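Work through the exercises below with the sequence and the structure side by side. Each task is followed by a solution in steps.

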Amino acid sequence: MVGNGWIGIRTGRSAALCLGLLTSPLVQAAPGADCPGHPDALGTSRTLVVDPKEHLRIGSMQYGETLPLADHEVVLTFDDGPLPRNSNQVIDILAAQCVKATFFIIGRMAQAYPEGVRKLREAGHTVGTHSQSHPLSMNRMSVEHAKQEIDDGIASVTAVLGNDAAPAPFFRIPGLLRAEGVEDYLASKGIQTWSADFPADDWRHISSSRVYEIAMKRLEAKGKGILLLHDIQPRTVAALPRILHALKARGYRIVHVVPATEELPATPTEPQQWQLHPVSESVPIARWPKAPHFIFTATVAFPAPSLLDSPWHDGVPLPREASPWPKSPPVPPNNATIALPVPAQSIFELQAKPRAAAQQLVPSPHRAENTTAAEREADGIARLISADAEEVVRHK
Ligand SMILES: [Zn+2]
């Protein structure tokens, strides 16, 4: 990976913090045992080293492969930061539990808050990128434009990390608004496109309790996977301690993902481990006629059509196919009725109010005089992003 211009963690303080984990990726540390001052911490149970070039697209919300996790293993991911007033709290909450996560950074946020990115690296988290300005249009912009967004975002994060480190070759498309050309470009650069296995809808206008409930419900439904969160959201800050506590109480284990380098080979895995649930585990579903994608992508967690109804809608389930929803629903075989996902009550409770949700990203005028210039700039970015998103909503 070094030859490709990607450097994991090479030197400096972050290396000292991380090498202990990286040198023995398969060793199961006793969670909490190595968390000084926090004997009951959730901890990070292992480090998974992945070679992006071997598995270019991951996350069962949209792709056929996801990270090779064992049952009850969870990877935490946070998008859109850093925004210090919230992101710093997320860092502290994770530190108190000795939990390592992956952060997908927006280039312009990195420019506004370089210290926030360096803090992540120093805390040993994995730093991926999430475009330069978070356009919610990568599914319809020109590939040239998308390339610029991707490259500028990486350049911005690289610039604040300094010469001894670079962001991981992990990229999450804003709003998960995937496009073949975008993924192909990322692949050509040896960058892994990260979707997720389930979101917690923390960009919507819902309570922190609801974020907690959704996160745990969707995790329990899948048994493992990549959880998508947003460290810039106050409701996520509020929900996170409860989520971590529940993970510990219910026997879940945190996995930290890092990219392979020349010095750090990928964790050995078998191809079938990169499927969320191998076919043998889902025979009734696999035997359904003709519409396996519909079934797979529409299980428990992902209600359908209001895909773009949120202004800040990372985590939208957009499968690789243009539309996973058949024009008329397939008639299930009689013996498979039980396997049908039952629409959860939550489906009907999660209708966001785009404009209201967008407005919460805009600073209160009463606070304006107390914010720093950098904060105002970042809020400006958020406003820009939400305005863009509202346009998406309007064109729906
Ligand atoms: Zn995002």
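**Exercise 1. The chain as a whole**

Task: State what kind of model this is, how many helices and strands the chain has, and what percentage of its residues is buried.

Solution. 
- Step 1. The model is predicted.
- Step 2. Its secondary structure amounts to 14 helices and 10 strands.
- Step 3. The chain has 396 residues, and 55% of them are buried.
- Step 4. Among contacts in the chain with a separation of 6 or more, 80% are between residues 24 or more positions apart.

**Exercise 2. The buried side of helix 6**

Task: Find which residues of helix 6 are buried, determine how they are arranged about the axis, and name elements that cover them.

Solution. 
- Step 1. Helix 6 spans residues 180-188, and its buried residues are Val182, Glu183, Tyr185 and Leu186.
- Step 2. Viewed down the helix axis, these buried residues fall within an arc of 160°, so they line one face of helix 6.
- Step 3. The cover over them includes strand 2 (57-58), helix 5 (143-161), strand 6 (170-171) and strand 7 (192-194).
- Step 4. After helix 6 comes glycine 190, with a positive phi near 70°.

**Exercise 3. Two helix pairs**

Task: Describe how helix 2 packs with helix 8, and then how helix 4 packs with helix 5.

Solution. 
- Step 1. Two packed helices are described by the angle between their axes and the distance between the axes.
- Step 2. For helix 2 (residues 84-96) and helix 8 (residues 234-249), the angle is about 5° and the axes are 9 Å apart. Angles under 35 degrees count as roughly parallel, so helix 2 is roughly parallel to helix 8.
- Step 3. Helix 2 contributes Asn86, Gln89, Val90, Ile93 and Leu94 to the contact, and helix 8 contributes Pro234, Val237, Leu240, Pro241 and Leu244. By class, the residues of this contact are eight nonpolar, two polar and no charged.
- Step 4. For helix 4 (residues 114-122) and helix 5, the axes come within 9 Å and cross at roughly 75°. An angle from 65 to 115 degrees counts as roughly perpendicular, so helix 4 is roughly perpendicular to helix 5.
- Step 5. On the helix 4 side the contact involves Pro114, Val117, Arg118 and Arg121, which meet Val157, Val160 and Leu161 of helix 5. This contact has five nonpolar, no polar and two charged residues.

**Exercise 4. The setting of threonine 126**

Task: Is threonine 126 buried or exposed, and which residue does its side chain join in a polar contact?

Solution. 
- Step 1. Threonine 126 is located in strand 5 (residues 126-129).
- Step 2. Buried means under 20% relative accessible area. The relative accessibility of threonine 126 is 5%, so threonine 126 is buried.
- Step 3. Its side chain makes a polar contact of 2.8 Å with the side chain of histidine 256.
- Step 4. Leaving aside residues up to four places away in sequence, threonine 126 touches Ala101, Thr102, Phe103, Ala168, Phe170, His256, Val257 and Val258.

**Exercise 5. Backbone features in loops**

Task: For proline 82, cysteine 98 and serine 131, locate the loop that holds each residue and describe the backbone there.

Solution. 
- Step 1. Proline 82 is in the loop between strand 3 (73-79) and helix 2. The peptide bond leading from glycine 81 to proline 82 is cis, with omega near 0°.
- Step 2. Cysteine 98 is in the loop between helix 2 and strand 4 (102-105). Its phi is positive, near 50°, although the residue is not glycine. With 23% relative accessibility, cysteine 98 is partly exposed.
- Step 3. Serine 131 is in the loop between strand 5 and helix 5. Here too a residue other than glycine has a positive phi, near 85°. The relative accessible area of serine 131 is 0%, so serine 131 is buried.

Notes:
Residues are numbered from 1 along each chain as its sequence is written. Side-chain values use heavy atoms; hydrogens and water are left out. Buried means under 20% relative accessible area, exposed over 50%, partly exposed in between (1.4 Å probe, protein chains only). Helices (H or I, at least four residues) and strands (E, at least two) are DSSP runs, numbered from the N terminus. The arc is that of the directions from the helix axis to the C-beta atoms. Contact means heavy atoms within 4.5 Å. Axes are lines fitted to C-alpha atoms, for helices over the stretch in contact, and angles run from 0 to 180 degrees between N-to-C directions. Angles under 35 degrees count as roughly parallel, over 145 as roughly antiparallel, 65 to 115 as roughly perpendicular and the rest as oblique. Ala, Val, Leu, Ile, Met, Phe, Trp, Tyr, Cys and Pro count as nonpolar, Asp, Glu, Lys and Arg as charged, and the others, Gly among them, as polar. A polar contact is a pair of N or O atoms within 3.5 Å; within protein, one must be able to donate a hydrogen and the other to accept it, and residues adjacent in sequence count only if both atoms are side-chain atoms.
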